[in-house]
Amino acid sequence: MFYGRAPELSVLAGQLAGAERGRAGVTVLRGEAGVGKSELLERATELAAGFHVLRVTGTETESELAFAGLHLLLGRARAGLDRLPEAQAQALRAALDSGESVAPQRFLVGVATLTLLAELAEDAPLLCLIDDAQWLDRATLRTLEFVARRLDAERLLLVFAVRDDLLPELGELPATTLTLTGLDPNAALELLTAAHGTLPPAATEWLLRESHGNPLALRVLPTVQRAESRYASPFQHTAPIPTRIQRAFTDRIAQLPAPTRTLLLVAATDSSGDTAVILAAAHRLNTAAEHPARALDAVAGSDERSARALGVMTDSDERPIDTAVPVGTAAPTEAHGPSPWLPTHPPAPVASTETDTPAAEAISHAAEGFALATGMQRATGATETDPARAEADQKRTEANPARTEADMARAEADLARAEAAGLLRLRDGRITFAHPLIRAAALDSAQPARVREAHRALAAEFAGPGCEDRWAWHSAAAATGPDEAVALALEAAAERAGRRGGLSEVAGAARRAAELSPDPRARGRRLTVAAEALVEAGLLTEAAATADEAMALTTDPAALGALTALRAEIALEQDEPREAYRSSGAAAGFVIDRDPALAGHLLFQAARAAWGAGDLPAVTLTAERAEALAVPNAARVRALADLVAVLNPGAQRAEGIAALRFLLDTVDPDQLAERVQMAHWHVLFADPAAARDIAAALAADCRRRGAIGVLTHALRWQARTELLLGHPTAACTAANEGLRLARETGQRAIEVYQSATLALLAAIRGDEQACHEYAAAPLARDIAPSSVHAAAALSLLDLGLGRPDAAVDRLTALLAGANRHGAIASIPDLVEAAHRTDRLEQARAPYAWYREWSDHIDQPWIQAISLRCAALLAADDAAEPHFTAALAAHRRDTEFAFDRARTELLYGEWLRRRQRRADARGPLRTAAETFRHLGALSWAERAETELRATGETRATESGGDLLTRLTPQELQTAQLAATGLSNKDIAAQLFLSPRTVGYHLSNAYPKLGLTSRHELAAVFAGHT
């Protein structure tokens, strides 16, 4: 019987109805232990008639096993992997360790999970329940968060249940949050009466008051309340309700026989729910207690038999050896051995009924599993024929103490006793606790030494192929001091987690391996592995602390240099370029005598960091230091310094251009990160078309590989180059996607840069509110070029909205700053604003810089803009040759439409002022149509006003503004659909589900006045 919660049930019912109609939803249930989150999930399954139901419950002891939760959630739904694109299927198989030896990217695992769930939801509406989400492994949690952020048109409802205020990041999801508090007094009384009958009025009043409406407290406290605190004074300070409930469960456990308490302890210690393993390990512990001479003889740590059973130690080599599975070796599959997550039982079915197995039947199944685990075979049992599993069972049998039919009967009785006490349940052949607080009570009621013994017993049961990770972690939990054999096993577990893409789990295993390492050098090496994984996982604060620990233990100069480079990389990602500069420079001096090449790498990194911090003199000093030390790549560091110098007035332009060409020639195009630099340096070389092609190809490669961390960099330059080329639609698409992904990956510097790009796009459109909103973060960060681009956006906005004086003031201050990286692109805006306000003298010196730079760059579009500026600065009767030369240069390139239209507008205005109205109409009409086509409405209105002043009466043609008609997601999907891609192909590129792609397209068609995707190509052919 379910009591209360009518408002919450109404919300869930509405969301289920929405999911059934194709409107996906995400819900987060929050509340203290025992408040009824799990019961509400059970009720949701009853409401979800006709739904498939997938569910998983997080357990604290599996939180270090990468994708353990995802493995349980998907269960037999993994059969649907064949319906996924090959790259996604490989990534998800690798994550689940079901046979693929591919190292997956976590974002590719996320999109594969999304696609799989969406495919399942096509067959029937899908309800995914995640209970105790706070104890999920980080890899699973991040995957589900990825899915939750991208749900839209799927027939799917995702529900998280989480303890109190844990996992605050769930609050950032597009989710409905339901915070559960105690039941209202009527519902609480109804539950209390149903559970315990009629109680004395004083007892009822006390229980209602003390329970605060907590359903579990109402059920448990009346039966097991300690005598000394029963009906205590209302003025007495009491412990929180969850603590009191746990104490009540501790009392209930203490009343059970010792063997049953042992069974509860083992179940709490493992949490796999594997009936056979739990019963066998409990038997091992009980045998040790009853017969010390037969005590645990195959345990974790340096125990020789367990080490040999796992292959960590061989007869010919008494030293432990690395047990990592070589890359390319197939992981165990159901056909070739037990899964590392579910050693002896099949995965949960797709539609879980979550009903308790009848006790007699469940115990019979448990006994059969126990018999198999202990090497016993009933007369009616079948012999295992799979070679790998048979080998694992044989090793387990050899390691286990002898067991009899009487032992099995006692194990069955202990299991039945725990179930009768309401502490354990048997569901789908697995042992589960009736409530997480019972697990906590079982652990807290045991002495620490007894808990370690339980871990040792479990490690002995997992001493076989396919269970290496569990063996390693249980062995680590049992260790009381340094143990190299266990450290090696954890190191191997970290490698396996890395191949599955579980970066947080790599870090956890490597850190624990470091803690167990007797040798400080090995400890430092393993901490380095942990720090590298944390960086890749985006956990930068923890990565920094771990790297610092590793550095304190490392004495090898090369290793120290590599750690310093890692530390500097962390500082750059954390937007601390000055710290990166300091540490890289210091480390270079330390390693110069031992590893000059590493010193050179560190100095180049230091120069880049100084540039990022806006400390231009430090860039030059670093180059001089590299030359003085004669490091192998000193020329590259010098080239970077010369390049930085060319971006500011007063430097030798020719030297800077030569430096840029040198840097481009030294890039390794096979490295993704190096290709990012190629795109960047082509932008600096004023060749946005080449940079756009490099960035687009790089983005395509990143999407195929799932390399999201590099994709954000590629999108950064894609957006910037499309903006420069005069393609605001494409620029907006890339910038919005880049901004969203950078927020998800925590790449703050890229997020700010994309905000500046979006501010410039808003300025072109004349959207004042959006321009100021996007410019705020870059201006607050105050690091060029993002801050410079943001200030330039506000100046361009002022210019477009008829406020040239404000533009002159802002751009003059910008160009007077110490770090003007990126400011050169805004000099033409300053010239135009100064021309319109008769403040030309303030623009002449900046223009001289721009002209010198453009002469060395020798790009037609830059030459055209330079000639336009010359026309504005010339005497009025001498301007026309400059204008006509500028337009001739523009015609040499079919792109850069916005800049060409600006030149046409200014030339038309000049012609009208010279009373040449007929001549002015052509360039003004072309400019107005181009501005309309690009969505630059304020600029279009200015051109149309000038056109009317010439006597023109025809309205300019309007191609419409896709940016204002479509949302960013609709725009992006429509653009890709126009190229002929299928919904599934688009979904793979954008990390969405095919159904969501179809949903965005169906919304885009009526906004564009279309009826099908076949008409999209014509729309986008003329609208960039």
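**Close-up 1. Pairing of strands β2 and β3 in the predicted model.** Strand β2 (residues 52–57) runs parallel to β3, and six bridges join the two. Histidine 52 has leucine 126 of β3 as its bridge partner. Valine 56 stands opposite isoleucine 130, also in β3.

**Close-up 2. Pairing of β3 with β4, and the crossover between them.** Five bridges link β3 to strand β4 (residues 156–163), again in the parallel sense. Within this pair, leucine 127 faces leucine 157 of β4.

**Close-up 3. Burial of strand β3.** Six of the six residues of β3 (residues 126–131) are buried, so the strand is largely enclosed by the rest of the structure. Leu126, Cys128 and Ile130 point one way from the strand, while Leu127, Leu129 and Asp131 point the other way.

**Close-up 4. The five-stranded sheet.** The strands form an open sheet with parallel pairing, in the order β2-β3-β4-β1-β5. β2 and β5 (176–179) stand at the edges with a single partner strand each, so one side of each has no neighbour in the sheet. Direction ignored, neighbouring strands are turned against each other by 15 degrees on average.

**Close-up 5. Helix α2 on the sheet strands.** Helix α2 (residues 37–47) lies across β1 (25–31), β2, β3 and β4. Relative to β3, the helix runs at about 170 degrees.

Terms used
Residues are numbered from 1 along each chain as its sequence is written. This is a predicted model: local features need pLDDT of at least 70, side-chain atom pairs count only at pLDDT 80 or more; totals for chains, interfaces and linings use all residues. Side-chain values use heavy atoms; hydrogens and water are left out. Buried means under 20% relative accessible area, exposed over 50%, partly exposed in between (1.4 Å probe, protein chains only). Helices (H or I, at least four residues) and strands (E, at least two) are DSSP runs, numbered from the N terminus. Two strands pair if DSSP finds at least two bridges between them. A crossover is right-handed if, with the strands pointing away from the viewer, the path from the first strand over the helix to the second runs clockwise. Axes are lines fitted to C-alpha atoms, for helices over the stretch in contact, and angles run from 0 to 180 degrees between N-to-C directions. Contact means heavy atoms within 4.5 Å.
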